[in-house]
Amino acid sequence: MKNTIRLYELLVISANKGLQLLQQNGAMPSGHNGPYNDPETSVRNTSHWLIIFLKALEISADKQFEDAAIKCLKYIMSSDARPHGFTFWHRTKKGKDSTNGVIGQAWGIEALVEAYKVFGEKEIISLALDLFNLHPYDEKLNGWKIVDIDGKHIGFDYTFNHQLWFAATGVLLEQATGKLLRSVQSFLEALPRNLQIYPDGIIKHVPTLYLKHGMIEKIKASAFELKHRLDSSKHLYYKSVGYHGFNLYALSIIDETVPSLEIFEVSKVKKAMSVLEMSNFGNNLEKSKYGYPYNPAGIELAYACQRVAKEKESKLWIQQQFDRTFDLTANLMIKGKPFDVNTAAARLYEAVRLKDAEIVTDGRI
């Protein structure tokens, strides 16, 4: 007889373990951002755990999770998280911005929006909106600029998934406030052009000409792509493979929030989804250090499959994630030699948007 567990039961079990990790100031243990090994503050993991605690509260109605969520919320709204009163302080790596581009801000805003849905306090959503609006948007190039923790503008974030996730949190903000954000609308209108894929459908980590202006910048960008195309290691391609699900997850947030956009009917997005049917995709995902050791690809791809009514495939991807990364002894998503156990455990939060499902605990399906 198979031993099984429900996904939502697993979320509650992990949230219970998270209660033991919650620090006195409301922060969860900090980590680093996987393969990049940039030391991080507690803001990222606390934002993720806040969402886990809120989901556990919804499932179980256990007041412990409400108390934990409130403590996490107070931390990310405190001066510890935003020391200069501008953007979230995410990392401490010399030579890099302190915000982790716009993706760090997207994670914090996402957590604030989810907290607002539960607690309904105006100051929560006002902060989320203010943080979002701090970031200048270029109408011609269709992207947001990074704002460092001291309020200084420091140029574009060229990583496509960062821009896409920032847009996704903007969509969540629109839903929560009922206000249309012109920058979000502009980004989404240009998405079919700016989302770039490899011939097999993998979404490019750094699109060639995206956010580039002027002939010199465009020539440099084209030369960079040519160099990597000739690179036998295919580093940038495998990096893109590892982030493919992360991109599809952000697209799924947009699709679930604004289904009228029909994101999954866009030809490039259809092509990106078709990658999941390729026989070599699973092997390539295993080869990428940006896959399961860092990104919870099984959760991300499961969510995308749910958005296109592929329930069977969704359950298979959930099982793949569980088999590789969930430690039933520790009750945390830390199995499989992740780069950093604190960040790996927190990234279970991406499962909160999944439908409940049965998971086999004594072997793969």
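I began with His90, which is found in the loop between helix H3 (63-76) and helix H4 (103-119). The model is a predicted one.

Is His90 buried or exposed? I looked up its relative accessible area, which is 0%; the cut-off for buried is under 20%, so His90 is buried.

Next I listed what His90 touches, leaving out residues up to four places away in sequence. The list holds Pro39, Glu40, Thr41, Val43 and Arg44, then Ser98, Thr99 and Asn100, and also Gly104, Gln105 and Trp107. I checked Pro39 separately: Pro39 and His90 are 51 residues apart along the chain, and their C-alpha atoms are separated by 8.7 Å.

**Helices H1 and H2**

I then took H1 (residues 7-21) and H2 (residues 43-60). Their axes come within 9 Å and cross at roughly 125°. Angles of 65 to 115 degrees count as roughly perpendicular and those over 145 as roughly antiparallel, so H1 and H2 are oblique to each other. I noted the crossing of H1 past H2 as left-handed.

Which residues meet here? From H1 I wrote down Tyr8, Leu11, Val12, Ser14, Ala15, Gly18, Leu19 and Leu21; from H2, Trp49, Ile52, Phe53, Lys55, Ala56 and Ile59. Sorted by kind, the residues of this contact give 11 nonpolar, 2 polar and 1 charged.

**Gln163**

My next entry is Gln163, in helix H6 (residues 160-177). Its relative accessibility is 0%, so I count Gln163 as buried.

What does the side chain of Gln163 have beside it in the way of backbone polar atoms? I found the backbone nitrogen of Trp144 at 2.9 Å from a polar atom of that side chain. The backbone oxygen of Asp157 also lies 2.9 Å from a polar atom of the Gln163 side chain.

Not counting residues up to four places away in sequence, Gln163 touches Val102, Gly143, Trp144, Asp157, Phe187, Tyr210 and Leu211.

**Helices H6 and H7**

I followed H6 to its packing with helix H7 (residues 182-194), where the axes are 10 Å apart and the angle is about 140°. That makes H6 oblique to H7. I recorded this crossing as left-handed.

On the H6 side the contact is made by Phe160, Gln163, Leu164, Ala167, Gly170, Val171 and Glu174. On the H7 side I listed Val184, Gln185, Phe187, Leu188, Leu191 and Asn194. The residues of the contact of H6 with H7 divide into 8 nonpolar, 4 polar and 1 charged.

Definitions and conventions. Residues numbered from 1 in each chain as written. Predicted model: local features only at pLDDT ≥ 70, side-chain atom pairs only at ≥ 80, totals over all residues. Heavy atoms only, no water. Axes fitted to C-alpha atoms, helices over the stretch in contact; angles between N-to-C directions. Helix = DSSP H or I, 4+ residues; strand = E, 2+ residues; numbered from the N terminus. Parallel < 35°, antiparallel > 145°, perpendicular 65-115°, else oblique. Left-handed = near helix turned anticlockwise from the far one by under 90°. Contact = heavy atoms within 4.5 Å. Nonpolar A, V, L, I, M, F, W, Y, C, P; charged D, E, K, R; others polar. Buried < 20%, exposed > 50% of the residue type's maximum accessible area, 1.4 Å probe, protein only. Polar contact = N/O pair within 3.5 Å; in protein donor to acceptor, adjacent residues only side chain to side chain.
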